[in-house]
Amino acid sequence: MKSKSNYSKLFGAFSLTFLGDGLTLAAVPWLVSTLTTDTLYASITMTALRLPWLIFSLPVGVLIDRYSRKHMLVGASFTRMIFLLFLTICIWGGWISIPLLALFMFGIGLSRVVFDSTVQTIIPQVVEEKKLEKANGQFTAGQLITSDILGVALGGFIITMHIVYPFAIDTVTAILSLLLISGLRGSFHPAKSKESQVQEQAEKETRPMKNWKREMWSGIQYVFQDRFLRGLAILSVTITLMFSMILVTQIFFVREVLQLEAYAFGILISIATIGSILGSQAVAYMRKRWSSKQLILLSILSMGLLYGAVGLTSNAYVVGGLYFCAAFFIVVYNVVRSSILQRSVPNELLGRVGSVFRFLSFGISAIGTLLGGLLVRVSETFFDRLFSLQLPYLLLSVVYILACFLFASKMRNVAEQ
C-alpha cells in the first residue's frame, strides 16, 4: 500500500476536495450576508457546519479503526457530492434560507468529519514513518494552496458573476475526488499488532456485537492516561474555541472595520495562506532544531500576540501582515500536533485517539462559533459596532497567552512521547 501511486491519488483527492471546499467557504459568508445582518443568525450556519464534529467525531473514530479506510473515504466523498448537488439546485432556484442553508452545512460538515479524520489515519499507511513530518507538511500545504489561495481567491472573483457558481464547481470537484479515491489500490484496513488481533478474536468469540461505548472509551482512556497528550487535548480545546469565535465574525470585521469588498477579502485570506504554506514547509526544518513542546509553545504565544494586534487596528495592510505571520504559526502547531499522534499512537488506536482530539478541538468550534456571534451581539449593547467586532481578537489574545504559560508550567517535566 506504501506506493507513489496511492500517495498521488490520495493527495489528488485531498487537494480537489479542499479546492471545492475553499470555493464554498468563500461563498457561504457572502450568501449569509445577503440573507441577514444579524451576527447571531449568521453564526448558526457556521455552527451547523462544525456541529457534526461535536456529535460524530468519537463514533467515526470507532468506524475508522474497524473498517477499510478507503471505503470510509469513498462514503464521505459520495455524501459530500449529494449535499452539494442539492444545495446548488436550491440556490439556483432561489429557495435558499438560513435554516435550509444550515441543514446543508450540517450534511457537508458530517462528510468532512469522516473525510478529514480518515485521511489523518491513512497517511501513515502510505508513507514511511521517518517522512511523516514531510508528508503532513505537504498535505497541509496542499490544503492551504487549494482551499485558502485558489479556492478563496477564485471564490471571491466567481461570486461577482453569480453566487451559485462556487457551489456548482465544488460539486464537480467532489465527483473527481470520488473517482480518485475509488482508484486506491489496497484494502487499507487498520494495521493491528499480533496482541491486538488475538484480543479482538477473543472478544468476537465472547461478544459477537462489539461494545461501541467501550471502543470509544479506549481512545479517551489512551489520551487521558498520558499526561502530555492530556495537556495537549486541553490546549486544543482552548485554541479552537477562541479561534472559531473570531472566524465566525471575521466577514463582518472585514466588511465593516476594514471596509473591504469580496475580492479584497479573498486577497487578504490568500496573503494569510502564503504564510501558512511557508509554515508547512518550514516545520520539518524547525523540528530538527527544537522539540515538539517548544514549537507548540512558540506557536501559541505568537498567535496570541499577532491576533491581539489585529484587534487594535483597522488598517487592512497591517492586518494582512499580521494574518500572514499568525497563519505561519497556526500550521506549525497543527503539523507538530498531528505528527505527535501519528508517531506515538498504535495504528489500531489511531482513529479513536485522533477522534478524541477532533471531538475536543473541531467539535468545540461549534460552541465557539455560536459564542462568537453572541459575544458581538451582547457587546453592542455596551460598545459601538466596530469595537464589538474587534473584541473577539482581543479576547483571543489574552486567552492564548495565558494558555501558553499554563501549558509550559504544567508540562515542564513531562515527556512528549
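Accessible areas come from the Shrake-Rupley method with a 1.4 Å probe, and for residues only the protein chains shown count as cover. By this method the accessible surface of the protein comes to about 18000 Å², and carbon and sulfur atoms hold 67% of that area.

The model is a predicted one, in which local features need pLDDT of at least 70, side-chain atom pairs count only at pLDDT 80 or more, and totals for chains, interfaces and linings use all residues. Residues are numbered from 1 along each chain as its sequence is written, and side-chain values use heavy atoms, with hydrogens and water left out.

The protein has 14 helices and 0 strands; helices (H or I, at least four residues) and strands (E, at least two) are DSSP runs, numbered from the N terminus.

Next comes the overall form. Along its principal axes, the C-alpha trace spans about 65 × 55 × 35 Å. Of the 417 residues, 56% are buried, where buried means under 20% relative accessible area with a 1.4 Å probe, protein chains only. Among contacts with a separation of 6 or more, 87% join residues 24 or more positions apart; a contact means heavy atoms within 4.5 Å.

Helix α11 covers residues 292-310. Its 19 residues should span 27 Å at 1.5 Å a residue, and its end C-alpha atoms are 27 Å apart, which agrees. The expected span is 1.5 Å times one less than the number of residues. Because 14 of the 19 residues of α11 are buried, this helix is largely enclosed by the rest of the structure.

Technical notes:
Buried < 20%, exposed > 50% of the residue type's maximum accessible area, 1.4 Å probe, protein only.
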